[in-house]
Amino acid sequence: MTASVALPDAARADVETLWDYHDMHHAVQSADVGIGLGSHDLGVATCAADLYRQGIFPLIVFTGANAPTTVSRFPRGEAVHYREHAMECGVPAEAILIETKATNTGQNIEHTRELLAERGIKVRSAVLMSRPYQQRRAYATCKKLWPEIEIICASLPMALDDYMKSIGDPDRVINMLVGDTQRITEYAKRGYAIEQPFPSDVRSAYERLVQLGYTSRLI
């Protein structure tokens, strides 16, 4: 599917449904640590820097190696580039830890937990920062692997159209959004994440987008 410059009218309503579904609508509050999940979206690092400057958490962990979708954008690794960007946004180096081996969300959580434990840092609560449409999957994964902590999900606050423009490739975003929606149910079945509600309107929107050909990120 060829990349376009705007969200296609035929897909808009269904994309909006999935976009809202993946937003956990959490109220951000103070936490022991902020965890930025690696991806192609540098907005995760911007979100972390903004919340750090607001005093939401005293420490940031950026986690992520590379994936096929990020290696050209972040050749030194997602976490490394996130750290550099956060420092450019005013976060001091000593307030950032990086985890550079994780290649999926489960490893993001597991390796971050191990890194903090090795440093003797006790965590009771965390702000989990991700792409806007990754929030629900990140939450479900973290609750499976690190159930004892309080998890608050956050992303850079942006309207759907503004986010599409910031990435510059709506087709890519829609494909990723559809893929994350599939993973909500599939990963719960496989034991990678806890189950999440999956309303009928979300299921229908997902199925229609698949029928339109947004299938490149399906398992």
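Colleague: What kind of model is it, and what do the values rest on?

Modeller: This is a predicted model, in which local features need pLDDT of at least 70 and side-chain atom pairs count only at pLDDT 80 or more, while totals for chains, interfaces and linings use all residues. Residues are numbered from 1 along each chain as its sequence is written, and side-chain values use heavy atoms, with hydrogens and water left out.

Colleague: How many salt bridges does the structure hold?

Modeller: There are nine salt bridges, a salt bridge being a side-chain nitrogen of Lys or Arg within 4 Å of a carboxyl oxygen of Asp or Glu. One of them joins the side chains of arginine 12 and aspartate 161, at 2.9 Å from N to O. This pair links distant parts of the chain, 149 residues apart: arginine 12 is in helix 1 (residues 9-22) and aspartate 161 in helix 6 (residues 160-167). Helices (H or I, at least four residues) and strands (E, at least two) are DSSP runs, numbered from the N terminus.

Colleague: How exposed are arginine 12 and aspartate 161?

Modeller: Arginine 12 is partly exposed, at 25% relative accessible area, and aspartate 161 is partly exposed as well, at 31%. Buried means under 20% relative accessible area, exposed over 50%, and partly exposed in between (1.4 Å probe, protein chains only).

Colleague: Which residues do salt bridges with shared partners join into one network?

Modeller: The salt bridges that share partners join Arg12, Glu16 and Asp161 into one network.

Colleague: Where does arginine 124 sit, and where is aspartate 32?

Modeller: The side chains of arginine 124 and aspartate 32 form a salt bridge at 3.8 Å, N to O. Arginine 124 is in the loop between helix 4 (105-118) and strand 4 (125-129), and aspartate 32 is in the loop between helix 1 and strand 1 (33-37), 92 residues apart. Arginine 124 is exposed, at 65% relative accessibility, whereas aspartate 32 is partly exposed at 24%.

Colleague: And what does arginine 113 pair with?

Modeller: Arginine 113 meets glutamate 148 in a salt bridge of 2.2 Å, N to O. Arginine 113 lies in helix 4 and glutamate 148 in the loop between helix 5 (135-145) and strand 5 (150-154), so the pair ties together parts that are 35 residues apart in sequence. Arginine 113 counts as partly exposed, at 31% relative accessibility.

Colleague: Changing topic, what is the volume of the largest pocket?

Modeller: The volume of the largest pocket is about 530 Å³. On a 1 Å grid over the protein atoms alone, a pocket is an open set of points where a 1.4 Å probe fits, with protein on both sides within 12 Å along at least five of seven lines, and lining residues have an atom within 4 Å of a point. Grid points are joined across faces, edges and corners, and a volume is the space filled by probe spheres set on the points.

Colleague: Which residues are closest to the centre of the largest pocket?

Modeller: Of the 29 residues that line the largest pocket, Thr103, Asn104, Thr105, Arg137 and Arg217 are the closest to its centre. Helix 4, helix 5 and helix 7 (170-189) are the elements that give two or more residues to the lining, and helix 7 has the largest share, with five residues.

Colleague: Now helix 1: where does it bend?

Modeller: Helix 1 bends by about 25 degrees at valine 15, the bend being the angle between axes fitted to the seven residues ending there and the seven starting there. Its 14 residues reach 21 Å from the first C-alpha to the last, close to the 20 Å expected at 1.5 Å a residue, where the expected span is 1.5 Å times one less than the number of residues. The buried residues of helix 1 are Ala11, Asp14, Val15, Leu18, Trp19, Tyr21 and His22.

Colleague: What is phi of histidine 25?

Modeller: Histidine 25 has a phi near 55 degrees, a positive value in a residue other than glycine. Most residues other than glycine have a negative phi. Histidine 25 is in the loop between helix 1 and strand 1 and is exposed, at 53% relative accessibility.
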